[in-house]
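Dear colleague,

Please find below the structure that I am handing over to you, followed by an account of what was found in it.

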Amino acid sequence: MTIDPILVTGASGQVGGAFAKLAASRGYDVCLPGRDRLDLTNPDSMEDFIGSNQWSYVVNCAAYTAVDQAETDPEQAFATNAKAPGALAALTARLGIPIIHLSTDYVFDGAKANAYTESDPIAPLGIYGASKAEGEARIRRANPDHAILRTAWVLSAGGKNFLTTMLRLGVGRDNIAVVSDQFGCPTGADDLAEVILKVIMQSAATGKTWHAVNGGSTSWHGLAEQIFACAADAGYNAPFISSITTEQYPTPAKRPENSRLSTDKIQAELGIKLRPWKDAVNAIVAEYMQREETSKCED
Ligand SMILES: NC(=O)c1ccc[n+]([C@@H]2O[C@H](COP(=O)([O-])OP(=O)(O)OC[C@H]3O[C@@H](n4cnc5c(N)ncnc54)[C@H](OP(=O)(O)O)[C@@H]3O)[C@@H](O)[C@H]2O)c1
């Protein structure tokens, strides 16, 4: 058990929120400053806040995650995803604090036929991926006591993500068309929070990068089908999920066709194996339904 508090950035987001809840439930002291108290794009704010206390770890879950918007807002994307982690890493290194940083499958171009390993070359297709790749590089350069966890397709019951969007769209719709030619690894924010905590418990922030995603892989179409299969079991409207191609659904940012991540390294080195993605999705849909019921009762 650590003595000094853990500083968590991005705690109003999916992964930061899940990690903060988990760590607090296990007895860790966590500090969760909002952007009003710690704006990562403001170096003075960072210096003042981090210098104001002793921290056992900094867990950086803050990011600019609007993948399409980043294409027309590169300055903000790079400020948050590249410069800020670099500055955070330099500051934590100076103060002797290890840092855990989150990165993404979108650092890859998707041309590989099978799952990407940590040693595969990166080649981001868009601004978001490029800014996250630069963030990784700056973390590695500035603080040797780091762990970078690349994850993908993050889902939670409360956040803004593919699962909650689908369930919201599903109300009153007979059909939803979903892309079936992009493949990746859906990952529960709660499962990722467990990984972050295990990295802390094993004192493993020693300069390594790991892939951390739920087991197995699917397409966005397959993911939508699983979400609604599970929702239908709970009596929820389940529209037909028709299949479309990436070409039929153009987006400002190009996505990798294959962003499956191999988790062999984290399994071998830290003994961490996440449950299959379908199990995570089922648990998140159940939690979503529970929240809907609770909010109906409160109305
Ligand atoms: N979501 C995914 O599918 C996905 C996939 C792969 C990797 N990742 C990575 O996983 C990590 C966590 O993602 P997530 O889904 O939890 O993100 P999220 O839900 O979009 O949350 C992002 C968080 O970052 C905070 N933030 C943004 N700019 C900030 C700034 N200048 N100063 C301080 N805080 C700031 C946001 O605060 P506000 O509430 O104030 O906006 C929010 O708390 C990120 O590194 C992301 O790149 C995510």
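Leu91 belongs to helix α3, which covers residues 74–95. Please bear in mind throughout that the model is a predicted one. With 20 other C-beta atoms within 10 Å, Leu91 is buried, because 20 or more such atoms is the criterion for that class. When neighbours within four places in sequence are left aside, the contacts of Leu91 are Met46, Glu47 and Ile50. A further pair concerns Leu91 and Asn237, which are separated by 146 residues in sequence and, from C-alpha to C-alpha, by 50 Å in space.

On the α2 side, the contact is formed by Pro43, Met46, Glu47 and Ile50, and on the α3 side by Ala87, Leu88 and Leu91. Sorted by class, the contact of α2 with α3 comprises six nonpolar residues, no polar ones and one charged residue.

**The pairing of α5 with α7**

As α5 passes α7, the crossing is right-handed. From α5, the residues taking part are Phe162, Leu163, Met166, Leu167 and Gly170, and they meet Trp220, Leu223, Ala224, Ile227, Phe228 and Ala231 of α7. By class, 10 residues in the contact of α5 with α7 are nonpolar, one is polar and none is charged.

**The surroundings of the ligand**

Which residues come nearest to the ligand? There are 27 residues around the ligand, and of these Gly10, Gly13, Gln14, Ala63 and Leu102 come nearest. Two or more residues of the shell are given by each of the elements α1 (14–25) and β4 (99–104). The element that gives the most is α1, with three residues. Divided by class, the shell around the ligand contains 11 nonpolar, 12 polar and four charged residues.

**Two residues with positive phi**

Trp153 is not a glycine, yet its phi is positive, at about 40°. Trp153 lies in the loop between β5 (146–151) and β6 (154–155). Is Trp153 buried or exposed? Trp153 has 24 other C-beta atoms within 10 Å and is therefore buried.

Ser203, likewise not a glycine, has a positive phi of about 45°. The position of Ser203 is in the loop between α6 (189–201) and β10 (208–211). Because 12 or fewer other C-beta atoms within 10 Å is the criterion for an exposed residue, Ser203, with 12, is exposed.

Yours sincerely

Methods: Residues numbered from 1 in each chain as written. Predicted model: local features only at pLDDT ≥ 70, side-chain atom pairs only at ≥ 80, totals over all residues. Near = placed C-beta within 6 Å. Helix = DSSP H or I, 4+ residues; strand = E, 2+ residues; numbered from the N terminus. Nonpolar A, V, L, I, M, F, W, Y, C, P; charged D, E, K, R; others polar. Left-handed = near helix turned anticlockwise from the far one by under 90°. Contact = placed C-beta atoms within 7 Å.
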